Amino acid sequence: MKFQCMRTDLSNAVSNVSRAVATKATTPALEGVLIKAYGSQLEICGYDLEIGIVTKVDASITEEGEIVVSARLFNEIIRKLPEEIVSIETDDRMITYIHSGAADYQIVGISSTEYPELPNVEEISGLTVNAEILKNMIRQTVFATSDNMAKPIYTGSLFEIKDGLFKIEAVDGFRMAIREENVDSDIEAKFVVPGKTQNEILKLITDNKKDVDIIVGQRHIIFKIEEYSIISRLLEGNFLDYKMPSSASTEFVVNTRILASAVERMALLTNEKIQSPVRCSISADEIKLSCSTTVGRANDMISVSVVGNDMEIGFNNRFLLDALKYADTDEVRVMLNGSLQPMIIRPVEGQSFTFLVVPMRLAAE
């Protein structure tokens with residue numbers, strides 16, 4: 001294999017696909033990137049048996065071939081080469097020669113026959129979504145996926161397309177995030193995408209004006225983002241089917257930033273070792289917030305116009321702040337049905353997003 005290409009293009013490609021490379025693998029090839037040189041393009045792939053990222057780079061290829069090289073080492077070398085043109089060549093012993101300006105490297109490669117094949121995804125259904133819409137939908141829900149492998153299904157988000165409505169749901173047992181958008185599609189599909197895959201999608205979407213093609217297979221899915229393809233396994237299992245209450249016994253509209261700032265002030269008395277709920281005492285025209293821990297006590301108050309019953313409820317400050325952080329409106333509508341039922345946070349108009357936060361039991365004061 002022998003080729004020349006632009007260092008910046010190669011460096012960006014290797015850096016991005018390397019995020020799908022296994023850091024500690026029993027098979028050395030999985031800690032590398034696969035480089036294929038055919039025609040006028042390089043195909044570069046990283047794959048950890050769960051998620052794969054593939055892209056192509058223009059190159060001047062004089063000898064076709066393929067090689068696997070250490071992702072970490074190759075990435076560092078290419079990134080620090082002195083000139084913009086880089087020449088790479090391999091020999092029969094799998095030695096890879098890298099040349100740029102006065103810099104020369106020789107590194108040991110691995111035969112491409114030892115690299116696992118990416119899954120062959122036969123399309124069952126497909127969808128094209130504007131990149132900005134998909135990015136916002138994932139950003140506003142993926143934070144609520146679980147990191148507890150005891151229930152793997154909840155380490156991902158449920159993607160559902162039905163009757164022209166595209167919905168993403170994520171839940172971790174303490175909170176739930178739902179985001180929906182109307183799309184121009186008549187397909188009906190439901191599948192669970194790992195949170196890790198979604199985070200890679202967020203990193204690869206750089207041009208919000210372009211579209212993302214989603215190809216859904218039986219057990220795998222492909223997201224085509226500009227020149228990159230992300231191939232991921234889908235999670236199997238039964239996802240939570242939560243029935244949203246149609247009404248609320250207590251409801252109010254509040255400025256998102258003002259409520260978040262008040263909760264942040266209460267959270268100053270807590271940390272990972274010292275946990276205590278933020279207590280919210282809700283009455284007709286105000287919310288009194290308080291927090292008491294071994295290091296002290298804090299109190300605050302914000303004015304709101306409350307419709308419905310007075311009540312007292314407590315929340316984990318981090319979960320409540322996350323919901324307010326990812327609400328993309330200046331004001332939110334807060335709905336409650338008693339001190340033991342989840343808080344529901346939505347936009348003032350419509351329900352493009354819905355956040356649920358499970359309350360904490362309050363000790364008597």
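1. Helix axes are here lines fitted to C-alpha atoms over the stretch in contact, and angles run from 0 to 180 degrees between N-to-C directions. The model under review is predicted. In it, the axes of α5 (residues 256-267) and α6 (residues 317-326) come within 10 Å and cross at roughly 160°.

2. Angles over 145 degrees count as roughly antiparallel; α5 and α6 are therefore roughly antiparallel to each other. The crossing of α5 past α6 is left-handed.

3. On the α5 side, the contact is formed by Thr 256, Leu 259, Ala 260, Val 263, Glu 264 and Ala 267. Helix α6 contributes Asn 317, Leu 320, Leu 321 and Leu 324. Sorted by class, the contact of α5 with α6 comprises 7 nonpolar, 2 polar and 1 charged residues.

4. Ser 261 also belongs to helix α5. With a relative accessible area of 21%, Ser 261 is partly exposed, because buried means under 20%. Between Ser 261 and Leu 321 the C-alpha to C-alpha distance is 9.0 Å, although 60 residues separate them in sequence.

5. The largest nonpolar core has 60 residues, of which Phe 3, Leu 10, Leu 42, Phe 74, Phe 166 and Phe 223 touch the most other members. A second, separate core of 40 residues includes Val 263, together with Ala 144, Met 266 and Ala 298.

6. Leaving aside residues up to four places away in sequence, Phe 166 touches, among others, Leu 127, Val 129, Leu 134, Met 137, Phe 159 and Ile 161. The residues touched by Phe 166 also include Glu 160, Arg 179, Glu 180 and Glu 181.

Conventions:
Residues are numbered from 1 along each chain as its sequence is written. This is a predicted model: local features need pLDDT of at least 70, side-chain atom pairs count only at pLDDT 80 or more; totals for chains, interfaces and linings use all residues. Side-chain values use heavy atoms; hydrogens and water are left out. Helices (H or I, at least four residues) and strands (E, at least two) are DSSP runs, numbered from the N terminus. Angles under 35 degrees count as roughly parallel, over 145 as roughly antiparallel, 65 to 115 as roughly perpendicular and the rest as oblique. A crossing is left-handed if the near helix is turned anticlockwise from the far one by less than a right angle, and right-handed if clockwise. Contact means heavy atoms within 4.5 Å. Ala, Val, Leu, Ile, Met, Phe, Trp, Tyr, Cys and Pro count as nonpolar, Asp, Glu, Lys and Arg as charged, and the others, Gly among them, as polar. A nonpolar core is a set of buried Ala, Val, Leu, Ile, Met, Phe, Trp, Tyr and Cys residues joined through side-chain atoms within 4.5 Å. Buried means under 20% relative accessible area, exposed over 50%, partly exposed in between (1.4 Å probe, protein chains only).
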